[in-house]
Amino acid sequence: MTGSTAASFTADDYRARMERAARAAAEASLAGLLVAPGPDLVWLTGYTPPAVTERLTLLVLAAGQDPVLVVPALEAPDAHRAAGAAALTLRDWADGKDPYAATAALLGASGRFGISDNAWALHLLALQQALPGSSYASLTAALPMLRAVKDAAELDLMAAAGAAADATFEEIRNVPFAGRRESEVAADLDRLLRLHGHEQVDFTIVASGPNGANPHHEAGDRVIVRGDMVVLDFGGLRDGYGSDTSRTVHVGEPTDEERRVHAIVREAQEAGFRAVRPGAACQDVDRAARRVIADAGYGEYFIHRTGHGIGVTTHEPPYMIEGEEQPLVPGMCFSVEPGIYLPGRFGVRIEDIVTVTEDGGRRLNATTRELVIVE
């Protein structure tokens, strides 16, 4: 297997993240944050529970208070081994005891708390019952930028994930396409991503011919034939950080129309990238890419947002979409992926992950954005 070793985040790194999150919560007029198992908990503490069960696991953060991780007693040994364990207090609870009463004692009688989007309703309702004066807001709504700005070590991991996805594309463009099922090419993508260091593959879209007009087509049994345009969209997690790239290839020689549509999308992708700069709004990236496609007469066929954030998950805030006025900040990472989708005929999408720099943007994908001919 190729690829670098993941950066070793220390307890101090996790302590700084938790302190930053607690400050952000206070600035958002929240009494604290309640973080359930999932990507936020991993990012804040380095802890992934051995299994997601009905037993309550919850990180409690509030400005001016030490972080506390409430865990089932039988999972406490695993929590103690987490990279960020030294930066927090563990409070375990045994079966037969009330974990919600123990958690409520950490929160106070009332207040508005941010809570993980993926927290179980079972736990949220029980906390509300224990604290009738409390109210809750999802973390995405209350603190959408919590994980958006990456530090130098995170950016290195993002770049490595992007390079691994690029290496995958350089190999997949040389495999046979014609006469093979989409699912077979998708299996090649999965294998190559793992070969280049991905521990998790989230998607391997292979959308050939008319299937390319469906942006989220799942690779199926359709046999790819000469003359097909094929949208490839693939990515996952490498050393805990995400990759996501799209390239559109053609089996054999394309028509003039196919070349023209691909060139329009390439121009739109370039326009979106050039709109990236500190202080610009997220919607400015969407507007720049969308304008090119609309001016070329294909506006109705660009049917999704221009981009999404990426980090410890492959889809997260911020989103490059009309109405999103969040300013771009150095260290943000997101996709720029315009497309044109012609129903019943073909589709084209080109996608890079981009990070905001002090004076513009930097692509984390470097493979050609020209139309690649495959066999």
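Trainee: Which residue's side chain does Asp95 meet in a salt bridge?
Mentor: Arg55, at 2.8 Å from N to O. Keep in mind that this is a predicted model.

Trainee: Is Asp95 buried or exposed?
Mentor: Asp95 is exposed, at a relative accessible area of 52%. Arg55 comes out as partly exposed, with 24%.

Trainee: How many salt bridges are there in the whole structure?
Mentor: A search finds 26. A pair worth a look is Arg363 with Glu270, where the closest N and O atoms are 3.0 Å apart.

Trainee: What does that pair tie together?
Mentor: Arg363 belongs to strand 16 (residues 361-363) and Glu270 to helix 9 (residues 256-274), so the bridge ties together parts that are 93 residues apart in sequence.

Trainee: And why does Arg363 count as buried?
Mentor: Because its relative accessibility is 18%, and the cut-off for buried is under 20%. Glu270 is partly exposed, with a relative accessible area of 24%.

Trainee: What about Arg363 and Asp352, how do their side chains meet?
Mentor: In a salt bridge, 2.8 Å from N to O. Asp352 is in strand 15 (residues 352-356), eleven residues from Arg363 in strand 16. Asp352 is buried, with a relative accessible area of 0%.

Trainee: Which residues do the shared partners join into one network?
Mentor: Arg247, Glu270, Arg274, Asp352, Arg363 and Arg369.

Trainee: Okay, switching to helices. Which residues of helix 1 are buried?
Mentor: Ala11, Tyr14, Arg17, Met18, Ala21, Ala22 and Ala25. They cover an arc of only 135° around the axis, which puts them on the same side of helix 1.

Trainee: Why would residues three or four places apart point the same way?
Mentor: Because an α-helix has 3.6 residues a turn.

Trainee: And what's on the other side of helix 1?
Mentor: Asp12 and Glu27 are there, and they are exposed. The buried residues of helix 1 are covered by elements including strand 1, helix 2, strand 2, helix 7 and strand 9 (241-251).

Trainee: How does the span of helix 1 come out?
Mentor: It agrees with expectation: 17 residues at 1.5 Å a residue should span 24 Å, and the end C-alpha atoms are 24 Å apart. Just after helix 1, Ser29 has a positive phi of about 60°.

Trainee: How many residues are in the largest nonpolar core?
Mentor: There are 37, and Leu33, Leu44, Leu59 and Leu69 have the most contacts inside it. Helix 1 gives the largest share of this core, four residues.

Trainee: What does Leu44 touch?
Mentor: Leaving out residues up to four places away in sequence, Leu44 touches Tyr14, Arg17, Met18, Ala21, Val35, Leu59 and Leu61. Apart from that core lies another, of 20 residues, among them Phe169, Val185, Ile224 and Val249.

Trainee: Now helix 8. Which of its residues are buried?
Mentor: Glu182, Val185, Ala186, Asp188, Leu189, Leu192 and Leu193. Seen down the axis, they fall within an arc of 155°, so they line one face of helix 8.

Trainee: What do the buried residues of helix 8 pack against?
Mentor: Helix 7, strand 7 (198-208) and strand 8 (229-238). After helix 8 comes Gly197, with a positive phi near 105°.

Trainee: Last one: where is Val149?
Mentor: Val149 is in the loop between helix 6 (139-142) and helix 7 (152-172). It is partly exposed, with a relative accessible area of 27%.

Trainee: And what is Val149 in contact with, leaving aside neighbours within four places in sequence?
Mentor: Arg20, Glu154, Val329, Pro330, Gly331 and Met332. Val149 and Leu328 are 179 residues apart in sequence, but 9.5 Å apart in space, C-alpha to C-alpha.

Terms used. Residues are numbered from 1 along each chain as its sequence is written. This is a predicted model: local features need pLDDT of at least 70, side-chain atom pairs count only at pLDDT 80 or more; totals for chains, interfaces and linings use all residues. Side-chain values use heavy atoms; hydrogens and water are left out. Helices (H or I, at least four residues) and strands (E, at least two) are DSSP runs, numbered from the N terminus. Buried means under 20% relative accessible area, exposed over 50%, partly exposed in between (1.4 Å probe, protein chains only). Contact means heavy atoms within 4.5 Å. The arc is that of the directions from the helix axis to the C-beta atoms. A nonpolar core is a set of buried Ala, Val, Leu, Ile, Met, Phe, Trp, Tyr and Cys residues joined through side-chain atoms within 4.5 Å. The expected span of a helix is 1.5 Å times one less than its number of residues. A salt bridge is a side-chain nitrogen of Lys or Arg within 4 Å of a carboxyl oxygen of Asp or Glu.
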